[in-house]
Amino acid sequence: MGGHMRLWETGLESLQRSLLEWRNMIGREDGRPVQITVQKDSGLDVSSPKHGKVDANNVPHVGGNMWAGGTGGRDTAGLGGKGGPYRLDAGHQVYQVSQAEKDAVPEEVKRAAREMAEKAFKERLKEIQMSEYDASTYERFSTAVKHQVQSLRVILDSLQAKGKERQWLKNQAVGELDDAKIIDGLTGEKNIYKRRGEKDPELGTPQQKPKRLQLLVDISGSMYRFNGVDGRLERSMEAVCMVMEALEGYEQKLKYDILGHSGDGFNIELVRCDKIPKNNKQRLEVLKIMHAHSQFCMSGDYTLEGTEHAVKEIVKEEADEYFVIVLSDANLERYGISPSRFAQALTTNSQVNAFAIFIGSLGDQAERLQKTLPAGRSFVAMDTKQIPQILQQIFTSTMLSSA
């Protein structure tokens, strides 16, 4: 009644395993920086959004409301602050004000910041469309997924038809009498009927219709904000590059759209199936637009709405098979999105093979979310090369499986 018991680990193997788990928990083993959150109110008000002064020496600036590219400040373009017009990463460690302070920014300041961000985004889009092709920039993304592109194209070459066809099903117990079975009926055979129904295609049957894929990519503000922490935006851009390169020339087998979701909405058009990029310059423009949108969009999350919309819309066009793949940074809890609602969105239509790939995580957020979702429907990719491999795994396990 008055005692207690302590359990000690003494085995070397057990101690090493526990030490590794502890280091993973605090972010030491996987390259993630240790982060400390301090809840406090700066007590400082915002005035009006502005770009801010550019420091020629790029010295880190924390707090204040003067310098562009600073962190944890007010009014200027930077990271982790409040009241600024848009995000601007100058490559420094980020100090961030609390969400409560951001929410307390007056509506007129938010409105002015939004208008300034929209204007800057439109100007950036013009620059992207008018700029000359930057071979070295595109090569950086293309080289990173070169081998995965080749592997995926091999899989695409081997795709089998999955769409069921209406045809006569013979040897049935009910239906219309099969003339070829009259003699069998006289001898007492009961399965002498035929009826119209759907039948799985035989192995090797060519596709009558193309498969449909919608890739829903996260281009929210947090992708830009935390890219310096874990490279999540870079991974997303590489995944999009891989899809565009691998599917080139396979339009008859697989038609695809690439849509974005962010605080601005859930149906942001990046690539349309009837207007796919034809060359490296056009593909690079798509990647640049992803990066620019993430920098200038409003805060918020439309992952759930985007998933529901994609699953609902994709089946409106007749196809051999349907795929929806959602790229997300797993930052759903902050916006009140429960795992059960997200799981329901992924599984709402049995015709659609819907998957989620979490490409960013604060702590073990992505792993915890994955455990609550249906088995096999979600993946965690914290390494650049994992995303193409996961996409390859998805296509292999579903496209080549029997219906």
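User: Which residue in strand 8 stands opposite I258?
Analyst: Strand 8 covers residues 265-271. Strands (E, at least two residues) and helices (H or I, at least four residues) are DSSP runs, numbered from the N terminus. The residue of strand 8 opposite I258 is V271.

User: What kind of model is this?
Analyst: Residues are numbered from 1 along each chain as its sequence is written, and side-chain values use heavy atoms, with hydrogens and water left out. Local features need pLDDT of at least 70, side-chain atom pairs count only at pLDDT 80 or more, and totals for chains, interfaces and linings use all residues: this is a predicted model.

User: How many bridges join strand 7 to strand 8?
Analyst: The two strands run antiparallel. A hairpin of two residues connects them. Two strands pair if DSSP finds at least two bridges between them. For strands 7 and 8 the number of bridges is four.

User: Why is strand 7 described as largely enclosed, and how many of its nine residues are buried?
Analyst: Buried means under 20% relative accessible area, exposed means over 50%, and partly exposed lies in between (1.4 Å probe, protein chains only). Strand 7 runs over residues 254-262. The rest of the structure largely encloses this strand, because the number of its residues that are buried is eight.

User: What share of the whole protein is buried?
Analyst: The protein has 14 helices and eleven strands. Its accessible surface is about 22300 Å², with 50% from carbon and sulfur atoms. That area comes from the Shrake-Rupley method with a 1.4 Å probe; for residues, only the protein chains shown count as cover. Of its 403 residues, the share counted as buried is 43%.

User: What percentage of contacts between residues at least 6 apart in sequence join residues at least 24 apart?
Analyst: Contact means heavy atoms within 4.5 Å. Among the contacts at a separation of at least 6, the part that joins residues at least 24 apart is 68%.

User: Is S236 buried or exposed, and what is its relative accessible area?
Analyst: S236 sits in helix 9, residues 232-246. Beyond its neighbours within four places in sequence, S236 touches V217, D218, M223, M290, L327, I359 and I387. S236 is buried, and its relative accessible area is 0%.

User: Within what arc do the buried residues of helix 13 fall?
Analyst: Helix 13 (residues 365-372) has Q365, A366 and L369 buried. They line one face of the helix, because down the axis they fall within an arc (taken from the directions from the helix axis to the C-beta atoms) of 90°.

User: Which strands are among the elements that cover the buried residues of helix 13?
Analyst: The cover includes a helix, helix 12 (339-347). It also includes two strands, namely strand 10 (352-358) and strand 11 (378-380).

User: Which helix gives the largest share of the nonpolar patch?
Analyst: L177, I182, I183 and L186 make up this surface patch, with about 430 Å² accessible together. Patches take residues with over 30% relative accessible area and no salt bridge; like charges are joined within 9 Å, and nonpolar side chains (Val, Leu, Ile, Met, Phe, Trp, Tyr) within 5 Å. I183 is exposed, at 60% relative accessible area. Three of the patch residues come from residues 182-186, which form helix 6.

User: How many residues apart are E318 and K209?
Analyst: They form a salt bridge, with the closest N and O atoms 3.5 Å apart; the term means a side-chain nitrogen of Lys or Arg within 4 Å of a carboxyl oxygen of Asp or Glu. E318 lies in the loop between helix 11 (303-314) and strand 9 (322-328), and K209 in the loop between strand 5 (193-199) and strand 6. E318 is exposed at 59%, whereas K209 is partly exposed at 33%.

User: What is the N to O distance in the salt bridge of R272 and D274?
Analyst: R272 is partly exposed, at 35% relative accessibility. D274 is exposed, at 56%. Their side chains meet with an N to O distance of 2.5 Å.
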